[in-house]
Amino acid sequence: MTETARQPALAQVSPRYLAGGGDPRWVTAPLQQVYRWQIAHLPLSPVVRVIPRDRKAELHLSPDPDQPWWILRHLGAGEEEPWTMSFGARTPAEIITAATTAYAAGPTPEDLLDPVTVLEQAGWPSRHQRHFDSPDGHVHIGRLANGSWHIKVTAGMEPWRISHQQVAIWEAHFTEHTPPHVVAAFLTDLVSPDPVLRHERTMAPALRYSVRIQRERVPAQQAEATLWARVDRLFPLSTNRELPPSPQRPDSPLPRRTR
């Protein structure tokens with residue numbers, strides 16, 4: 001047996017919003033390696049906490065089954081209002097990082113796309129530009145009058161039945177005052193048709209029944225390379241925005257999560 005054949009293979013899963021949580025380093029690695037957010041949690045703690053150098057925000061990853069796993073709080077200062085965005089355990093890390101990276105990098109003229117426009121251009125049906133649904137009926141998005149957003153993703157436990165119970169897979173919330181470019185970045189990645197890589201056997205049954213799995217598998221090593229390639233692509237952008245050089249990539253990876 002060749003070395004390539006012995007490597008664990010990952011499935012290419014779509015739609016990405018039903019792929020499950022994935023590798024949390026997709027969220028934490030860009031913040032720490034490119035934007036120099038600092039670790040602020042105790043060693044061996046089950047809670048991960050990182051903060052930016054200006055200490056205007058904090059990102060928590062907390063394995064609480066009754067609460068959102070990911071919470072980013074912008075604390076507000078001066079004329080800036082505080083706001084929060086939160087994500088459930090099975091929110092794909094690739095989608096979360098679109099929002100956290102957009103916040104860490106700050107807006108550019110190219111980023112100033114209205115969140116509603118993102119959904120309309122993707123062809124997601126809307127009701128009065130307040131409620132949006134994915135064409136497959138799994139994603140439900142609400143925009144409240146105060147500017148907050150709520151995203152809920154559902155799937156059927158037994159999709160082969162004509163009438164089957166829908167269960168909540170994950171939810172995301174963006175409170176009032178969340179910058180529009182952060183919400184738009186999240187929604188842009190949410191509607192992307194590109195698959196993401198997952199260990200198929202670790203996916204919850206409700207997810208496996210509702211996704212499309214491409215037959216061609218990808219070596220797990222390639223997923224690792226894809227993650228660090230994304231981090232490397234962000235370095236020129238951070239340099240253009242006059243951020244100081246990033247520390248070297250850590251030798252030991254952060255713990256994985258595939259829930």
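View 1. Val 13 has Ile 213 as its bridge partner in E13. This is a predicted model, in which local features need pLDDT of at least 70 and side-chain atom pairs count only at pLDDT 80 or more, while totals for chains, interfaces and linings use all residues. Residues are numbered from 1 along each chain as its sequence is written, and side-chain values use heavy atoms, with hydrogens and water left out. Strands here are DSSP runs of E with at least two residues, and helices are runs of H or I with at least four, both numbered from the N terminus. E1 and E13 (residues 212-219) run antiparallel and are joined by 5 bridges; two strands pair if DSSP finds at least two bridges between them.

**View 2. Strand E1 beside strand E12.** Here, too, the strands are antiparallel: 3 bridges join E1 to E12 (residues 196-198). Look for Ala 11, which stands opposite Arg 198 in E12. Buried means under 20% relative accessible area, exposed over 50%, and partly exposed in between, using a 1.4 Å probe and protein chains only.

**View 3. The aromatic pair of Tyr 17 and Trp 124.** Rings of Phe, Tyr and Trp (its six-membered ring) pair if their centres lie within 6.5 Å; planes under 30 degrees apart are stacked, over 60 edge-to-face, and the rest tilted. The count by this rule is 7 aromatic pairs. In this view, Tyr 17 and Trp 124 sit edge-to-face, 6.2 Å centre to centre with 80° between the planes. The pair links distant parts of the chain, 107 residues apart: Tyr 17 is in the loop between E1 and helix H2 (25-34), and Trp 124 is in the loop between helix H4 (115-121) and strand E7 (126-127). Both Tyr 17 and Trp 124 are buried.

**View 4. The aromatic pair of Trp 83 and Tyr 103.** With ring centres 5.3 Å apart and planes at 85°, Trp 83 and Tyr 103 also make an edge-to-face pair. Trp 83 belongs to strand E6 (residues 83-87) and Tyr 103 to helix H3 (residues 93-105), so the pair ties together parts 20 residues apart in sequence. Trp 83 and Tyr 103 are both buried.

**View 5. A cluster of aromatic rings.** Finally, meet Phe 87, Trp 170, Phe 174 and Phe 186, which ring pairs link into a cluster.
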